[in-house]
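Take a moment to look at the chain as a whole before turning to its parts. The paragraphs below go from the overall picture to one strand and then to one residue.

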Amino acid sequence: MVGVTEPPPTAMPAAPGATPDAESGGRGGPSPGAGPAELLLVLDPQGHVLSVGAGAASLDGHDPAELVGRHVSLLYPPEDAASGGVARAMDAAAGLGAHREYAWRTRPDGERFWAETVVTATRDADARLFGYCVVLRDLSAHWWHERRQRAVAEVTKSVVECGPGLEVLALAARRVRESVGAETARVLALDWGDTPTVCAVDGVGDATSPGFVMPGEATLVREAVRVGRPRIFSDTDTDTDHEPSRLRAALREAGLASVMEVPLTVRDRVVGLLEVANRRGGRCFTSEDLRIVEPFTGPVGLAVDRSRAEEDLDRLGRGSLVGQDAVRQALNSVAAEAVSRTGAVCCVIYLLEPGAGLRPAGGHGGTGPLPCDQAERSVTDPVRVVMEAITTAAPVSGEFLSAVPLLCREEAVGALCCRFPRGRHPGAEDLAALQTLAVRAAATVEAQRLWAVAREQATREERRYLARELHDSLCPALYGIALSARTAREFLRRGHTGAHQSIDSVLRLTDAGLSEVRTILCRISPESLQTEGLVTALSRYVGQVRVRHAVVVEAKLSAEPDAAPEAKHALYRIAQEALHNVIRHAAARHVLLSLYTEADTVTLMITDNGVGFDTSRSFPGHLGLRSMQERAREAGGTLEVDSHLGRGTRVRVAVPARPTLAGPSAGRPPTDA
C-alpha cells in the first residue's frame with residue numbers, strides 16, 4: 001500500500017532565487033518540458049543516508065559525498081524536521097510499505113523547492129526492516145507552470161464576467177508580478193492621442209495614484225509603442241539600433257535596473273502596455289520572463305479597451321446634460337478618428353430614426369450626405385450602402401464606400417460610412433478600425449438614449465411628487481375653505497350675525513394654503529427646511545392647528561436633529577398628514593406631538609385620545625396612510641401606526657440620523673401625556 005499526502009490547494013512552490021515564502025514571487029526554474037530532477041537515496045532504519053543515486057547533482061548542488069552518512073532530515077525544512085515530519089513519513093512507509101507526499105524540501109543553501117517524496121520500506125528475507133529507499137523529485141517548474149496557468153485563467157474569467165474595470169486591472173497587475181517574480185507590475189493605457197496613463201500598480205510603489213507616467217518611464221513606453229512589439233530594457237542593453245545610451249539614461253532617470261514593456265493589442269491596435277520592472281540592483285529580465293507574461297496580454301488588452309470605453313461613456317454622460325450638442329461632438333470626434341486611421345476622404349455617421357429615415361448625426365470632412373461625384377454615385381450609392389449595412393447588421397464595402405452598422409443590443413440604429421479616394425479601396429485593416437470606432441459611436445448613441453429615458457422617468461417622478469404634495473398640503477386647506485364658505489353662506493341666508501366668523505376662517509385657511517404653496521415651491525427649489533429648521537417649522541404648524549381647529553395640541557420637541565434635509569422634510573410632511581387625520585377623523589380632545597433624537601435615530605410620535613380605528617381594514621381612495629409610509633421609506637426609515645377603537649391612535653416614525661461629534665444623543669424622548 002502507498003500512503004499519499006497531498007499538498008493544500010493553495011500551496012505553491014517557491015521558485016529558485018526567490019524567498020522561501022510560499023506566496024512570494026519568483027522566476028520559475030527549468031521550463032515545464034525539461035522534466036523534473038530526481039534524487040535517489042538509500043537509508044538505514046534510523047534514516048541515515050547509506051548511498052546516493054547518480055542524479056543527485058542534477059538537484060541543484062546536492063553532492064553525493066556531502067549526503068552520505070548524514071540524516072535525511074537535512075532535506076526537510078527545519079520546522080518540519082523539528083515537528084517529527086521525517087519520523088512520521090518513515091513510520092508510515094514501514095506500516096504501509098510506501099508513503100508519498102508533496103511538500104517543501106530544502107537545498108544545501110537553505111533554498112526551498114516543491115517536491116514529490118516517495119519513501120519505500122525495504123525488508124530482508126525474514127521481513128525485518130532493513131532500511132528505506134527515498135525518491136525525491138523536484139516539481140518546482142511543474143507547480144510554477146500550473147500556478148501561471150491558473151493566474152491567466154483567473155484574469156481571463158474576471159474579464160469575461162465583466163468585473164469592475166479597475167479591480168480587474170489591479171488583479172492582472174498582481175498576478176503578472178507574482179508570476180514573473182518582479183518588484184513592480186503596472187497596467188498602462190494609451191488614450192486616443194497615444195498618451196500613456198497608469199491604470200493599476202502592484203508591488204513596489206503600489207500606492208502610487210493612477211495618472212501620467214514620469215518622463216523617464218514615458219521614454220521606454222514610447223519606444224515599445226513605436227516598435228509595436230515587446231521590449232526588454234536593461235542597464236546592460238547593447239542594442240545600438242535602438243540608441244542604448246538614450247534608453248539606459250531613461251532607466252537611470254526612472255531608478256530602474258530592468259523594464260519589460262509588452263504591448264496590449266486589440267484588433268491590431270495598441271491600446272496599452274503591461275509593464276514589469278525591477279529597481280536598480282535587481283535582476284534583469286530575460287526572454288523566459290517574456291514567455292510568462294505574454295499569455296496575460298489578450299485578456300488584459302480587452303480589459304484596458306473596455307475601461308477606455310467606460311471612461312468615454314462617463315465623459316459623455318457628464319456632457320449629455322447640455323443636450324444634443326455633446327452627442328454631435330462625440331460623433332464628430334469618432335468620425336475624425338475614422339478618417340485619420342483609414343485614410344478616408346470623409347466620414348459621416350447616420351442614425352436611423354422611426355418615421356424620418358436616415359439622419360446625418362455627425363461627421364468629418366462633410367456635414368451632410370457623403371459628397372460623391374456623379375461617377376462614384378453611379379457605382380456606389382451612399383444611402384443604399386448605409387441601408388444595406390443597417391438591414392443586414394453587417395459591414396458593407398463598395399468600390400469607394402465602406403459602411404459599418406452601429407449596434408445597440410444587437411439592433412442596428414445607424415451606420416458609420418466612409419468615402420475613400422480613387423484607387424484606394426478599403427481593406428480588411430480599414431474595416432477592423434471602422435468596426436472598433438462603430439462600437440464607440442453606438443455606445444454614444446445608447447448613452448444618449450438612456451439619458452433621455454432617465455430624464456423622462458425623472459419627469460414622471462416629479463409629477464408624482466407634486467401630486468402627493470398637493471394632496472398632503474392644499475387639500476386640507478381647500479376642504480376647510482369650502483366648509484367655512486358654506487357655513488358663512490348659510491348664516492347670511494338666515495340673517496345670523498355669525499357669518500363674519502366663518503369669513504375670518506376662510507381668510508385664515510387661504511393664508512395657510514398660500515403658505516403651503518410657498519413650502520412646495522421651496523421644496524422644489526434647493527432650499528426646504530434647512531433655512532429655519534424642523535423644530536421651528538413644527539412649532540409654527542402646531543400653533544396654526546391650535547388656532548384653526550381649537551384642539552389642544554401639545555408639542556415636546558428636542559433640539560434640532562442632525563438629519564438629512566430629505567429626512568426632515570419627510571418628518572414634517574408626516575406630522576402634517578397625521579395631524580390632519582386627527583382633525584378630520586379622530587374627534588380627539590388632546591394631541592401630543594413629540595420629536596427626539598436617540599442614538600442614531602430621529603423619532604417623531606403623534607399620539608391622540610380620539611376614537612381610534614381598526615388598522616387591519618383598508619381605506620380605498622384615501623392616500624394619507626400610504627403617503628406617510630412612502631415618505632418614511634424614501635427617507636430610509638420606518639412608520640408604525642398603533643390604534644384601537646375607543647383608545648386613540650399613535651403614529652411613530654423613525655428615520656436615520658447623521659452621526660455627530662457631540663455624542664450619540666441630541667435629546668431624550670419626552671414622556672407621554
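How many helices and how many strands does the chain have? The chain has 16 helices and 21 strands, where helices (H or I, at least four residues) and strands (E, at least two) are DSSP runs, numbered from the N terminus. This is a predicted model, in which local features need pLDDT of at least 70 and side-chain atom pairs count only at pLDDT 80 or more, while totals for chains, interfaces and linings use all residues. Residues are numbered from 1 along each chain as its sequence is written, and side-chain values use heavy atoms, with hydrogens and water left out.

The predictor's confidence in each residue is given as pLDDT, on a scale from 0 to 100; its average over the chain is 75, and 72% of the residues score at least 70. In residues 6-35 the pLDDT stays under 50, and the model has 64 contacts beyond four places in sequence for this stretch, a contact meaning heavy atoms within 4.5 Å. Residues 660-673 also have a pLDDT below 50, and there the model shows 24 contacts beyond near neighbours in sequence.

Of the 673 residues in the chain, 45% count as buried, a word that stands for under 20% relative accessible area, as against exposed for over 50% and partly exposed in between (1.4 Å probe, protein chains only). When contacts between residues at least 6 apart in sequence are considered, 60% of them join residues at least 24 apart.

Strand β12, which spans residues 346-353, is mostly covered, with six of its eight residues buried. Two strands pair if DSSP finds at least two bridges between them, and β12 pairs in the antiparallel sense with strand β16 (residues 411-419) over six bridges. Strand β13 (residues 357-364) also runs antiparallel to β12, and seven bridges join the two. Residue C347 can be followed into both neighbouring strands, for its bridge partner in β16 is C418, while its bridge partner in β13 is H364.

Now turn to V221, which lies in helix α6 (residues 215-227). Why does V221 count as buried? V221 counts as buried because its relative accessibility is 1%. Apart from neighbours within four places in sequence, V221 is in contact with L188, P196, E261, L273 and E275. With L188, V221 is 33 residues apart along the chain, and the C-alpha atoms of the two are separated by 9.1 Å.
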